[in-house]
Amino acid sequence: MKLMLCSFQLAFLLLAAPLASMASVAKEAAKEKEMQIVLIGYAGPLSGTSAGVGKSMANAVQLAIDEANRHGLQIQGKPVQLQALIQDDRTNPRTAEFVAHYLVKSGVIGVIGHWNSAASLAAAPIYNAAGVIQISPATMSTLYTQQGNRAVFRTIGNNGSAGSYTADYAVKSLQARRFLVVDDGTPFGRGFAEQFSRSAKDNGAQIVGSHSVSDKTSDFNAVLADVARLRPDAVLFGGLDMQASTLARSLKRRNPETRFIGASGTVGLPFLRAAGADGNGSIVLEPGLPMDKMPGWKSFEKNYMQKFDSNIDLYAPFAYDATQVLIAAMRQANSVEPKRVAEVLHEIRFNGMTGTISFNQDGDLNNPTFTIYEVQNQSWVVKKVISGSAN
């Protein structure tokens, strides 16, 4: 009798095991069925000369999404799985338009990007027409948030603030009084140079000359000829790192007494490597705190390097925070409907790695932070940290 009972129990256990397994599979399938997939787009350069910065920002977006998924996200009581949809805009405005159409068609709730102002400005009307949120971690042109779009934001300061603070430092700290101003013809470079010029004049300085060049050129002979003729105290360049290094190197070799002042997007290894010792003395203002002074930097750096083992570019923390604040707004709105989430973004106060994030009515940061760097012994050295209000 005991033997029969044991056999019966064994048979029951053998039968129950697959039934339990089937029940578990069914339960998991039910969970997957009720789980909502929400796409967050990323658009930036993943190829070409700016691929390094673009890939670093994309990595930061992915890191923020992975962390949110690991901690769990529920909207209206149902689990949400976030997925990144990463696209290469090649810093090209036309390509940015194609990318924007693709991301909209794919059904993203929002887009983290683009990197350069020209690409962001080209894509913005497409996102706006579709009601898709756009949060740029790098675009500084003041035009970007002046289009009357309630769903456009940025997690760094704008050109108005950057140009004003750079001019203030150049005049008051460097004691420069005469400037030759050069821009690269892009919305970013032109806007920065224009604001610098206005603020420098307000501080009693003189703009002795100006040039607008192509953002592809390496020929600064006309600029250098004017430097020799006009003898300014400093040359202000509104453009990116590789062009900046070419101009800074040429300036130091032909007019060593003239200071070089660059624009945001210059601080980093590419400028140092390209300019070499001729870059020493260069001054640049960049958005945000120095990385090692950012709240939560050590944890971010550790997690980033463990996952990607690649360079952390200057704009990666701003891409990380842009993704984080979008997710935080989804939680606060208890919705994945872009319009509701965008309205919450206008009200949110989020403690990010780059500082406290809150936006004004245009989508600009209320209190952007900037850091002024100088190249000393071929290294970037912090000279001043500035915290102010959006212009």
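Throughout these legends, contact means heavy atoms within 4.5 Å.

**Figure 1. The whole chain, as a predicted model.** Here we look at a predicted model, where local features need pLDDT of at least 70, side-chain atom pairs count only at pLDDT 80 or more, and totals for chains, interfaces and linings use all residues. Residues are numbered from 1 along each chain as its sequence is written, and side-chain values use heavy atoms, with hydrogens and water left out. The chain has 12 helices and 15 strands; these are DSSP runs numbered from the N terminus, with helices (H or I) of at least four residues and strands (E) of at least two. Its C-alpha atoms fill a box of roughly 110 × 40 × 35 Å along the principal axes. The average pLDDT (the predictor's confidence in each residue, from 0 to 100) is 91, and 91% of the residues score at least 70. Residues 1-17 fall below 50, and this stretch has zero contacts in the model beyond near neighbours in sequence. Of the 391 residues, 53% are buried, meaning under 20% relative accessible area, with exposed over 50% and partly exposed in between (1.4 Å probe, protein chains only).

**Figure 2. Alanine 64 in helix H2.** Alanine 64 belongs to helix H2, residues 51-71. It counts as buried because its relative accessibility is 3%. Leaving aside neighbours within four places in sequence, its contacts are Tyr320, Thr323, Gln324 and Ile327. Take threonine 323: it sits 259 residues from alanine 64 in sequence, yet their C-alpha atoms are 6.3 Å apart.

Figure 3. A cavity is a set of points, on a 1 Å grid over the protein atoms alone, where a 1.4 Å probe fits but cannot get out; a pocket is an open set with protein on both sides within 12 Å along at least five of seven lines, and lining residues have an atom within 4 Å of a point. Points are joined across faces, edges and corners, and a volume is the space filled by probe spheres set on them. The count comes to one cavity of 30 Å³ or more, and the largest cavity has a volume of about 80 Å³. Among its lining residues are Trp115, Met140, Phe188 and Tyr315. The lining has six nonpolar, five polar and no charged residues.

**Figure 4. The second largest pocket.** This pocket holds about 200 Å³ of space. Its lining has 17 residues, and Gly355, Thr356, Leu365, Asn367 and Pro368 lie nearest the centre. Strand S13 gives the largest share of the lining, three residues.

**Figure 5. Asparagine 360 in its loop.** Look between strand S13 (355-357) and strand S14 (369-376) for the loop that holds asparagine 360. With a relative accessible area of 19%, asparagine 360 is buried. A polar atom of its side chain lies 2.9 Å from the backbone nitrogen of aspartate 362.

Figure 6. Most residues other than glycine have a negative phi, and most peptide bonds are trans. The peptide bond from glycine 113 to histidine 114 is cis, with omega near 0°; histidine 114 is in the loop between strand S4 (110-113) and helix H4 (117-130). Glutamine 175, not a glycine, has a positive phi of about 60°. Asparagine 334 also has a positive phi, near 50°, and is found in the loop between helix H11 (316-333) and helix H12 (338-345).

Conventions:
Ala, Val, Leu, Ile, Met, Phe, Trp, Tyr, Cys and Pro count as nonpolar, Asp, Glu, Lys and Arg as charged, and the others, Gly among them, as polar. A polar contact is a pair of N or O atoms within 3.5 Å; within protein, one must be able to donate a hydrogen and the other to accept it, and residues adjacent in sequence count only if both atoms are side-chain atoms.
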